[in-house]
Amino acid sequence: MTITVLSIASEAVPLIKTGGLADVVGALPQAVAQHDVAMTTLLPGYRAVMAGLTKSRAVHTWPQLLGEPARLISGTIGGHPLLVVDAPTLFLRDGGPYGDATGRDWADNGLRFAAFARAAADIASGAVRGHAFDIAHAHDWQAGLTGAFLRYAPVGKAPPSVMTIHNMAFQGHFPRALFATLGLPDAAWSIDGVEYHGGVGFLKAGLEAAGAITTVSPTYAREIRTPEFGMGLDGLIRARQGQVHGIVNGIDTHDWDPATDPHLPAMFSARTLGRRALNRAALGAEFGLEPGHGPLFVVISRLTWQKGMDVLLDVIDHLVASGARLAVLGSGDKALEAGFAAAAVRHPGKIGVRIGYDEALSHRMQGGGDAILVPSRFEPCGLTQLYGLAYGCVPVVARTGGLADTVIDANLAARNAGVATGVQFNAVTPDALSEAIDRTVALHRQPPVWQAIQRAGMKADFSWGRSGKAYADLYASLLEVR
Ligand code: ADP
Ligand code: GLC
């Protein structure tokens, strides 16, 4: 029997992306399709999403969706069914999905994503003829209230919900005043409902209501039981431990295959690693770097505290002194952006920086860089180290979350066994990062050792195969419980 799932999220490639969430939500329908799951994705009708719709038609109207006019549009995304909540007063704006062009959050984000979740709950509980779902699968806080609406105020029969945590650091916490606009019964205002420290907690509400909770790696699933990583929700996670599953993200092996990647000056495979030299030279030139023998490190990242970018800035002079070069692509905190720009001025020819977002350039960096640095303080899964593995761009990562689960450190034993795929370090401190950089430089000096690490990473399987099945099995288990 085919299981039908409504996947509810604020981003999905190729229509709208600010981070890894979009890659994962965009890939899931195909990943579960092989396992007899028919997934429909639900997105907010941002300007970019509306502009990207093809063969769309309106299938439902809400005169009042939490007070705002809205329609439901049906279309497709990556060949799979898509539904879009077209509520122009909430979503049709210039700027990003969560804030204006200067990066400031929209003041009405609480209402925007509450309305989105209300729409999701309506659809999942049968409000729209011809659209029935066995499971409602909500991603991150923006979809978090879906479970609460299904639990306390469904329009029909409520299906079980799955709540996926892509990042515990973003919880969607809003003032109590929002509660009155939600149309939920008073019973929902409770410690096991939507109430969270005197306000409305979107992610918290979703976690309380869900039949199953997932996060995006086994290590992160364990880490969020602790106060350091649980960020206030660790108690809830411990209480619901039996329902918490860590399912590691896969990558889209069609978009991310160095043998067929149209963004690369020279395509290559594990057998033709030599061709990477062309990409490396082109990348160095693109970033204004001098040719050099040491490793060319790359960073493709949000420039934030989570990603340990302040620590990288602390050791950047050491990196240059060790004979390495660095190319950075990213945007985020203004102080960190300024810090990297200043480092590039201080080390002309050794450090190159692009502030911004550039998908094609990110491919060229993975295809031409020697090693990708990911010094995250926490990392639920992380995708750039997976792309690095697939492209022979050796990941140098902090041992946390999905980084711990997906990279095998090149210690002597792992090297001898031929399984090493990267470099890991423990604490995100300047000393530990410097040491990891030194180890990487030393490994890179031994071409046979380095190439063995590259090849082992390229051989590792991070396609969606296993994880797609894990999600499908989880959906099935929720239906059996019923
Ligand atoms: P997070 O979602 O926490 O930012 P992930 O590693 O899961 O981290 O996903 C980040 C995604 O965004 C990857 O696909 C990465 O390649 C991409 N990315 C991040 N910054 C940039 C950038 N400046 N330009 C292009 N792609 C970027
Ligand atoms: C979040 C996490 C990242 C993860 C991504 C997709 O943005 O920060 O680690 O890979 O979601 O699950």
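What follows is a talk about strands, a sheet and a ligand.

Mentor: Happy to. Keep in mind that this is a predicted model.

Trainee: Why are β8 and β9 said to stand at the edges?

Mentor: Look at the strand order, which is β8-β10-β9 in an open, antiparallel sheet. β8 (173–174) and β9 (195–196) each have a single partner strand, so one side of each is left without a neighbour in the sheet.

Trainee: How do you know that β11 pairs with β7 and with β12?

Mentor: Count the bridges again. Strand β7 (residues 161–165) and β11 are joined in the parallel sense by four bridges, and I213 in β11 is the bridge partner of M163. Three bridges link β11 to strand β12 (residues 244–246), also running parallel; there, G246 in β12 is the bridge partner of T215. The cut-off is at least two bridges, so both pairings qualify.

Trainee: Which way do the residues of β11 point, and are they buried or exposed?

Mentor: A212 and T214 point one way from strand β11 (residues 212–215), I213 and T215 the other way, and all are buried. Buried means under 20% relative accessible area, so each of these four side-by-side names falls under that value.

Trainee: What makes the approach of Y357 to ligand 1 a polar contact?

Mentor: A polar side-chain atom of Y357 lies 3.5 Å from a nitrogen atom of ligand 1. The limit is a pair of N or O atoms within 3.5 Å, so Y357 is counted. R302 has a polar side-chain atom 2.7 Å from an oxygen atom of the ligand, and for D23 the distance from a side-chain N or O atom to a ligand oxygen is 3.3 Å.

Trainee: How much of ligand 1 does the protein bury?

Mentor: Taken alone, ligand 1 exposes 560 Å², and the protein buries 92% of that.

Trainee: Which element gives the most to the shell around ligand 1?

Mentor: That is β13, with three residues.

Key. Residues are numbered from 1 along each chain as its sequence is written. Chains are lettered from A and ligands numbered from 1 in the order in which they are written. This is a predicted model: local features need pLDDT of at least 70, side-chain atom pairs count only at pLDDT 80 or more; totals for chains, interfaces and linings use all residues. Side-chain values use heavy atoms; hydrogens and water are left out. Helices (H or I, at least four residues) and strands (E, at least two) are DSSP runs, numbered from the N terminus. Buried means under 20% relative accessible area, exposed over 50%, partly exposed in between (1.4 Å probe, protein chains only). A polar contact is a pair of N or O atoms within 3.5 Å; within protein, one must be able to donate a hydrogen and the other to accept it, and residues adjacent in sequence count only if both atoms are side-chain atoms. Accessible areas come from the Shrake-Rupley method with a 1.4 Å probe; for residues, only the protein chains shown count as cover.
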